[in-house]
Each structure stands twice: as C-alpha cells, then as structure tokens.
Amino acid sequence: MLPVLFLHSPFFLLTVFSEEAPPSPPPVVYFRYTDDTLRNMIKNLREQTEMLREKAIDPYATSPEISPPVTPILRKEDYIRMKEEERIAKEEADKKKAEEAAKKAEEKKKKDEEKQEKAEIKEMEERLAADARRKMKKIFPGLIYLCMDFATSPIENKMDTIVGNTIDGLDRRYITWLAVVAVAFNYNIWFCTARMVFPYHNDVVNPYWITCDILSDLVNVIDIIIWQPRIQFVKGGDIIKDRAVCKEHYRKSHRFMTDMISIIPFDLLCLYSGFSSIYRLNRFIRVDNFFEFSDRLESIMAKAYIWRVIRTTGYLLYVLHINACAFYVASMYQGIATTIWVYDGKGNAYLRCYYFAVRSLINIGGLPEPTTVFEITFQLLNFFIGVFVFSSLIGQMRDVIGAATAGETYFRASMDGCVDYMNTYSIPREVQNRIRTWFNYTWAAQGMLDESELLDKLPLVMRTAIAVDINLSTFQKIALFQGCDQQMLVDMLLRLKSIVYLPGDFVVKKWDIGKEMYIIKSGAVQVVGGPDNSIVFVTLKAGSVFGEISLLQSAKDGGNRRTANVKAHGFANLFVLEKKDLFDILIHYPESQKVLARKGKKLTKAKGPAPAEERPKGLTLFGKKPPTPKLLRLIQNMKVVFTVMQHSSYNDNWDFLISLLTNSLALL
C-alpha cells in the first residue's frame with residue numbers, strides 16, 4: 001500500500017516529469033534594463049535571506065548596519081578650551097565675511113559711481129548734441145525768417161497802417177481776405193484736376209494757365225507772410241495781441257509747416273519734363289484755409305443756412321467733377337470710341353464726361369451697357385460710390401434745411417397746439433382770430449415766441465450786456481430812478497419781461513391795482529378816457545415809461561390804483577417790471593430804497609390824494625330787482641280776475657276786467 005501511495009505522490013510525479021521533460025528554451029528578453037533590475041533585486045533578496053538565516057542560527061553575528069560614532073567624553077578644561085577655540089574661529093570667520101562684504105560693497109559703490117559718471121557724461125554729451133542740433137535748427141530757419149522779415153518789412157509796415165499790428169480772427173477784413181484765399185484754393189482743386197486729365201494744355205492757352213497759377217500762388221504767399229502772422233490767439237485765457245509773439249506762434253504751429261509745403265514751386269520741374277498741372281497737387285493741402293473761411297463766414301451771417309446749402313451743393317458738384325475726370329481716364333485706358341460705353345470723342349470732352357458722371361452717380365439710368373470686365377467694374381464702383389456719397393449729402397442737406405426751419409417748425413407746432421385747444425373748448429371765433437394774430441405778429445416781429453428762452457442760454461455777462469445796450473439809456477431818463485445806484489438799474493433790466501399787445505388791447509384800466517411798470521419797446525399806447533374811452537389824452541411812443549408810481553405807493557387809501565386807461569394803439573411790444581421783482585432788488589440796495597421812498601412820497605403829494613370811490617349804500621348794495629317772469633304775472637292776473645268776478649257784479653267792473661285781460665294777453 002505504501003509503494004502505491006508513493007507512486008501517486010506529487011513528488012514522484014515531479015521527479016518523473018522533470019527527468020523526462022526536455023530542457024526549457026532560453027528566456028526571451030524584451031527590456032534589458034527591466035530584466036537586469038529584477039535580477040539584481042532577486043539577488044539582493046537572496047543575500048539578505050541568507051544573512052538573516054545565519055543570524056537566526058548564530059545570534060552573535062554582526063548587523064550589516066553601520067554603528068553610530070561614540071561621543072568622546074572630555075574634561076571640563078578641554079571642553080572649555082574647545083568651545084573657546086570654536087568661538088574664536090567663528091569670530092574670525094564672521095570678521096572675514098564682514099571684510100569680504102565691505103570690500104564687495106565698496107567695489108559695487110565704485111562701479112555704481114563709475115557707471116553714474118559715465119551716464120552723466122553720456123547725458124551731457126547727448127544734451128550738448130541736442131542743443132547743438134536745436135541751435136542749428138534755429139539758426140537755419142532763423143536766417144530764413146530774418147531774410148523774409150527784412151525783405152517784407154516795407155510791406156508789413158504798410159499793412160500795419162491798414163489793418164494794425166494784429167487782427168482778430170472774426171474781423172470782417174480778415175474774413176474777406178479768407179474769401180480770396182478760398183477762391184485760389186478752389187481754382188487749384190478744380191482746374192488742376194481737369195488740366196491733369198483733359199487735353200487743355202497747348203501753346204495757345206498755356207500762358208493763361210501760367211498767369212492764373214502765378215496769381216493763386218501769390219495769394220497764398222501773401223496770406224502766409226502778411227496775414228497769418230497777425231492773427232491773434234488765446235493763451236492761458238488771455239488774448240495775445242503782441243505782433244512778435246503772434247508771428248512766433250504761427251511759425252511754430254503745424255499749419256505753418258503745411259503752408260510752407262503747399263507753396264514749394266514744383267512747377268519748375270516743368271522746364272525739364274513738360275508743362276503739367278500734376279506738379280501743383282501740393283496746393284491741395286491748404287484745405288484748412290477753406291474750412292476756416294467757412295466757419296468764420298457762418299459766424300457772421302444772419303442766415304448761415306444759406307451758406308451751408310451752397311457749400312453742400314459745391315461738395316456734390318466737386319464729387320461729380322472728380323467722377324467725370326475718372327471716366328475720361330477710363331475711356332483713355334480703354335481707347336476713345338472703342339466701345340459704346342466709353343467717351344466717343346465727339347463734342348466737348350468735359351461736358352460729355354460730366355453728363356455721364358451725373359447720370360451714373362445719381363443712378364438716373366439710360367447709360368450704355370458696359371461690355372468689358374474693366375467697364376463693368378468701373379460702373380459697379382460708380383454705383384456703390386454714388387449711393388454712399390449721395391445718401392450722405394442728402395442727409396447733410398436735410399440737416400441743414402431742418403436746422404434752418406427749426407424755429408418756424410416750433411412756431412407752427414405751438415400755434416397748431418393752441419388752435420386745437422381752442423377748438424376743443426369751443427372758444428369764440430373772435431378770440432381765436434385775435435390769438436392767431438398775436439402768434440403771427442410776435443413771430444414776424446422778433447422771430448421767436450419767448451425771448452427769455454434764448455437769453456436764458458447765455459451767460460449772465462452776455463445777458464447783462466444785451467439788456468444794458470437795449471434799455472439802460474431809457475431807465476436813466478426815468479425821473480423816479482435818477483440818483484439810484486447804477487448796478488441796481490442793471491439788475492432791474494435783467495428782470496424785464498417782453499409782452500406783445502394787439503391793437504385795442506387795454507394795458508391798464510382805471511382803478512385796477514398797479515403791480516407793474518411798463519416801458520414801450522416798440523409801437524405806441526394811448527391814454528384814453530370819457531364815457532366810452534373815445535377821448536385820447538396823450539399818445540406815448542417807443543422809449544416812454546408809464547405806471548412807475550404805482551410800484552412805490554401803498555394800498556392804503558387806494559394809493560396803488562391806476563388813475564387812467566391805457567390801451568395799445570396798433571401793435572405794441574412792452575417791457576414789464578413787476579413790483580415783486582423791484583422789492584427783491586431793493587433789499588440789496590438800501591440807499592436806493594430810501595431815495596425811491598422819498599421820491600415816491602413827493603410824487604404822491606404832487607398828484608394829490610386818490611379820489612374816494614363812491615360806494616353803494618342801503619338797498620343799492622343788492623342791485624336792481626329783477627323783473628317778475630311773464631308766466632307768473634299771467635297767473636297773478638288770472639287770479640285777480642276770478643277774485644273780482646266772485647265778489648262783485650259783472651257791470652261794475654267791466655272796464656277793469658277788460659284792461660286786466662288785455663295785459664294778460666300781452667304777456668302771452
């Protein structure tokens with residue numbers, strides 16, 4: 001039994017198979033480094049296993065770890081000496097480090113000083129070089145300016161007697177000169193482009209072109225030398241009027257460089273390459289002068305929108321001019337009369353091309369169809385540019401016209417709103433007609449409905465200047481205000497309000513409470529009286545004043561009551577000063593208040609006490625008794641008839657009944 005078990009044991013099977021199995025092939029190595037690492041790891045594990053096995057068998061075997069060093073045991077004197085040596089060595093090391101740091105800091109300081117000295121020397125050299133360049137730049141232009149001033153000094157001295165040493169930019173003489181400069185600029189931008197493209201140069205007309213070119217250049221030179229150095233300018237809020245400072249300011253400006261470039265005589269190159277206007281293109285850069293003329297002209301025109309319309313129309317015509325030149329160049333490139341689209345060479349070339357530009361840019365249509373790629377491309381660009389340019393110009397024209405009619409539009413809207421309001425509430429036609437008349441006259445007389453809307457936008461200084469210029473002389477003639485503070489009169493002028501009265505309107509009525517004083521701005525008023533106000537006592541013209549006494553009189557005993565009727569004779573525009581505004585002003589002028597109080601008392605005494613007003617007494621307080629209604633009277637009469645018939649005989653009261661019935665029938 002035992003042998004059988006042994007035969008079936010795993011050890012026997014392993015032995016039999018190990019003996020009979022063939023030798024295994026060598027292992028396949030894919031990664032040499034990984035294989036070597038694993039083999040070394042297995043080797044180390046085996047060595048440690050053998051060592052631990054031996055240590056387990058022999059407990060006195062040594063450990064593979066290194067034993068820590070043994071701390072020596074010193075005596076006290078040796079320990080103190082050792083510590084002292086360590087301290088001394090540390091101090092020497094620290095001292096050495098400090099010396100090295102100080103040495104490095106000193107070396108760094110010397111290097112920084114040397115670097116700073118080099119930088120200062122370099123900066124000084126650069127500054128000296130810049131100063132030298134600046135001096136050279138100043139010397140060369142300075143010599144040119146000196147020669148120019150010396151050559152033009154007689155002309156400048158002559159101009160000093162005509163226009164003065166300096167001139168304001170808004171002076172009409174300067175604006176007139178700018179108009180001449182604008183004409184010269186337009187000559188260059190219109191005729192130079194046309195001459196450059198169209199065949200307008202020949203031996204016959206070239207002398208005329210040369211003459212016109214010289215005249216336009218002469219205008220530019222006079223403007224640069226004589227006019228521009230005289231224009232005043234603002235610096236730090238001050239208006240500089242010194243001639244030398246104005247000239248230096250102009251010569252340092254960017255505009256002077258532009259002007260100098262614009263007058264470089266490239267025309268002299270025509271002596272070598274033939275006569276052509278292409279050498280005058282530098283004149284185009286003086287476009288700032290044209291815009292300056294436009295702005296300054298608008299500032300002095302009463303109706304600036306007229307110039308804006310003219311200027312916008314000029315832009316439109318110039319765009320068409322440029323397109324006409326481009327079309328002629330395109331025709332020359334394609335060949336004159338080579339296709340139906342290009343210029344055919346007949347008639348006036350400029351007019352025919354300009355006609356094409358008008359029809360093309362404005363998209364009128366009816367043009368010959370382009371045939372080549374170049375012609376189609378040119379025509380497409382024309383259409384696109386025309387849409388863009390003309391939409392912009394039309395929008396600008398709309399803005400100009402809208403700005404020109406903005407005031408009238410506001411007036412019409414206000415009048416229409418008022419008319420709609422009156423129609424809504426069924427205001428009588430007579431009143432509506434008078435209100436329409438007031439609107440029309442007010443707008444025709446002063447161009448606005450309320451002057452205060454315009455004046456409120458101005459600063460106080462400007463409002464004061466306008467008020468003083470219009471009414472101060474009138475206020476100074478009023479006896480009531482003579483001797484008062486002049487500043488108080490100016491403050492009163494700022495409180496005036498303008499009111500327009502229609503013909504026949506009563507400005508004041510007798511026995512009304514006086515709260516205002518009136519100054520006649522334009523028109524006339526009449527002091528009237530009589531039963532139906534048909535008697536005219538006096539007519540007051542423009543500049544007259546009335547109602548001033550009521551401002552200072554008190555309400556006691558009717559002192560502030562009006563003593564006459566005043567009505568407008570025709571259309572009358574009056575300035576009104578209210579009592580409240582006068583008292584607000586007098587608070588700040590106590591001396592003037594005393595003067596007015598004394599004069600008011602004198603005027604009141606001279607006029608005498610106000611007549612006592614007759615007041616109704618007794619039953620007259622209730623007024624006249626209204627009549628009895630006719631129906632009630634008829635009923636009363638019939639009641640009397642029946643009463644009489646009951647208490648009397650028919651024959652006795654026949655006459656009375658007849659009369660009573662007659663009256664009753666009359667009531668019916």
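1. Confidence of the model. The structure is a predicted model, and the protein chain has a mean pLDDT of 80, with 80% of its residues at 70 or more. Confidence is highest in helix α5 (residues 172-197), at a mean of 94, and lowest in helix α1 (residues 2-7), at 40.

2. Stretches to be read with caution. Over residues 1-19 the pLDDT stays under 50, and the model has four contacts beyond four places in sequence for this stretch. Residues 612-622 also have pLDDT below 50, with one contact in the model beyond near neighbours in sequence. Where pLDDT is low, the predicted coordinates should not be read in detail.

3. The largest nonpolar core. This core has 23 residues, and those with the most contacts inside it are F475, F481, M488 and M492. Two or more residues each come from α17 (460-477), α18 (486-494), β5 (516-522), β10 (572-578), α19 (579-586) and α20 (590-607). Helix α18 gives the most, with four residues. In soluble globular proteins, nonpolar side chains tend to be buried together.

4. Surroundings of F475. When its neighbours within four places in sequence are set aside, F475 is in contact with F481, L489, M492, L493, L496, M517 and I519. Two of these partners, F481 and M492, are themselves listed with F475 among the residues with the most contacts inside the core. Apart from this core lies another, of 21 residues, which includes C325, F327, C353 and F378.

5. Packing of α10 against α11. Helix α10 (residues 287-300) and helix α11 (residues 304-334) pack with their axes 9 Å apart, at an angle of about 155 degrees. Because angles over 145 degrees count as roughly antiparallel, the two helices α10 and α11 are described as roughly antiparallel to each other. On the α10 side the contact is made by F290, F291, F293, S294, L297 and E298, and on the α11 side by A304, W307, R308, R311 and Y315. By class, this contact has seven nonpolar, one polar and three charged residues.

6. Positive phi at S426. The phi of S426, a residue other than glycine, is positive, near 55 degrees. S426 is placed in the loop between α14 (406-424) and α15 (429-446). The residue S426 is exposed, with a relative accessible area of 60%.

7. Positive phi at W511. W511 is not a glycine, yet its phi is positive, at about 75 degrees. The loop between β4 (506-508) and β5 holds W511. With a relative accessible area of 36%, W511 is partly exposed.

Conventions
Residues are numbered from 1 along each chain as its sequence is written. Side-chain values use heavy atoms; hydrogens and water are left out. Axes are lines fitted to C-alpha atoms, for helices over the stretch in contact, and angles run from 0 to 180 degrees between N-to-C directions. Angles under 35 degrees count as roughly parallel, over 145 as roughly antiparallel, 65 to 115 as roughly perpendicular and the rest as oblique. Contact means heavy atoms within 4.5 Å. Ala, Val, Leu, Ile, Met, Phe, Trp, Tyr, Cys and Pro count as nonpolar, Asp, Glu, Lys and Arg as charged, and the others, Gly among them, as polar. A nonpolar core is a set of buried Ala, Val, Leu, Ile, Met, Phe, Trp, Tyr and Cys residues joined through side-chain atoms within 4.5 Å. Buried means under 20% relative accessible area, exposed over 50%, partly exposed in between (1.4 Å probe, protein chains only). pLDDT is the predictor's confidence in each residue, from 0 to 100.
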